Amino acid sequence: MSAILLSGKEASSALLEGLKPEVAKLDPKLVVVQVGEDPASSSYIKQKFKACETVGMRSEHKHLPEDTSFEDLMSIIDNLNNDDDVTGFIVQLPLPKHLTDKEPEVNRAIDPKKDVDGFGAYNLGKMFLSKDYEDLPPATPSGIIALLEYYKIPVEGKHIVIVGRSNIVGKPIAVMLINRSATVTVCNSRTKDLAKITKQADILICAVGKAHFITKDMVKDGVVVIDVGVNRTDDGLKGDVDFKSIEPIASAITPVPGGVGPMTVTSLIRNCVRAKERQINN
Ligand code: NAP
């Protein structure tokens, strides 16, 4: 057996194409705030602007120096909250070391109507109500759902195992899948006998941040594998999943790169469109 390749590149390009008319009609604008020079952040931001260009969406890069103070950052956020021309904005994480502890405060300061990363408590909290309230869901979980939908992989009644419980991936994707009637198990670094659990997965989602963490002996035949991990190694970008050994026994699997990454960017663009629609309707 050889797995279907769940190409985020292909799915995202179809989804972006579909967003073009709405972008042309609504004319939203995305601002990305970057503090410092983290190379991974710069590369992600480049991909975000490329997607804006693809759909014809206005965008702006507010690139602040590494030593920007917390007060200055908060004042910029305040200005963006109050600028009617800005539909949505994100503060690219991670922030430099002197601001890392302030990340929750920074997230809290973003107006929920403009929180297109969906990391704020208001938008995360609404997701708990039901699928109908996933108005601005976090981009990576929302991208995973869109990828599964694009490839017509049902989740209802499936046992989905998520490895990783971060606030931006593991926890929100668990909620979104529960909203879609999946049976969800969420694992973390203290989970006992991880392989015993991952082997039960119909769909396995891995967001750990360790190259080739999931090995062949940890999955069952026919599993669908969603690899969220992005690990920079001497050998290039690697996922959390040992693709080479698992691909022959999986029924479907995402590549890294070209899997979840492009879907995350596309979800951000989609959130900007949704934010603009909601702002107009309000
Ligand atoms: P994170 O905040 O570091 O969380 C990692 C999670 O993995 C934690 O919940 C941790 O458990 C768990 N973990 C670590 N070791 C484990 C083990 N031995 N067994 C089971 N669980 C273990 O990471 P994140 O922000 O969610 O990101 C995860 C990966 O996804 C990274 O490689 C990141 O670069 C990538 N990512 C990719 C995208 C994309 O668009 N492609 C978006 C976001 C993130 P504890 O909570 O117990 O510590």
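**Backbone exceptions**

I found proline 257 in the loop between strand 11 (252-253) and helix 10, where helices are DSSP runs of H or I with at least four residues, strands are runs of E with at least two, and both are numbered from the N terminus. The peptide bond that leads from valine 256 into proline 257 is cis, with omega near 0 degrees. Before going further I noted that this is a predicted model, in which local features need pLDDT of at least 70 and side-chain atom pairs count only at pLDDT 80 or more, while totals for chains, interfaces and linings use all residues. Residues are numbered from 1 along each chain as its sequence is written, and side-chain values use heavy atoms, with hydrogens and water left out.

I then looked up leucine 93 and proline 94, which are joined by a cis peptide bond with omega of about 5 degrees; proline 94 sits in the loop between strand 4 and helix 4. Lysine 152 is not a glycine, yet its phi is positive, at about 55 degrees, and its place is the loop between helix 6 (139-150) and strand 5 (159-163). For reference, most residues other than glycine have a negative phi, and most peptide bonds are trans.

**Ligand site**

I listed 22 residues around the ligand, of which Arg165, Ser166, Asn188, Ser189 and Thr264 come nearest; a residue counts as near if one of its heavy atoms lies within 4 Å. Helix 10 (residues 260-281) gives the most to this shell, with three residues.

For polar contacts (pairs of N or O atoms within 3.5 Å), I noted that a polar side-chain atom of arginine 165 lies 2.7 Å from an oxygen atom of the ligand, and that one of lysine 210 lies 3.0 Å from a ligand nitrogen atom. Valine 228 instead places a backbone N or O atom 3.5 Å from an oxygen atom of the ligand. On its own the ligand has 930 Å² of accessible area, and the protein covers 72% of this, by the Shrake-Rupley method with a 1.4 Å probe.

I searched the whole structure and found one cavity of 30 Å³ or more, a cavity being a set of points on a 1 Å grid over the protein atoms alone where a 1.4 Å probe fits but cannot get out, with lining residues having an atom within 4 Å of a point. The largest cavity holds about 50 Å³, the volume being the space filled by probe spheres set on the points, which are joined across faces, edges and corners.

Methods:
1 Å grid on protein atoms, 1.4 Å probe; cavity = no way out; pocket = protein on both sides within 12 Å on 5 of 7 lines; lining within 4 Å. Polar contact = N/O pair within 3.5 Å; in protein donor to acceptor, adjacent residues only side chain to side chain.
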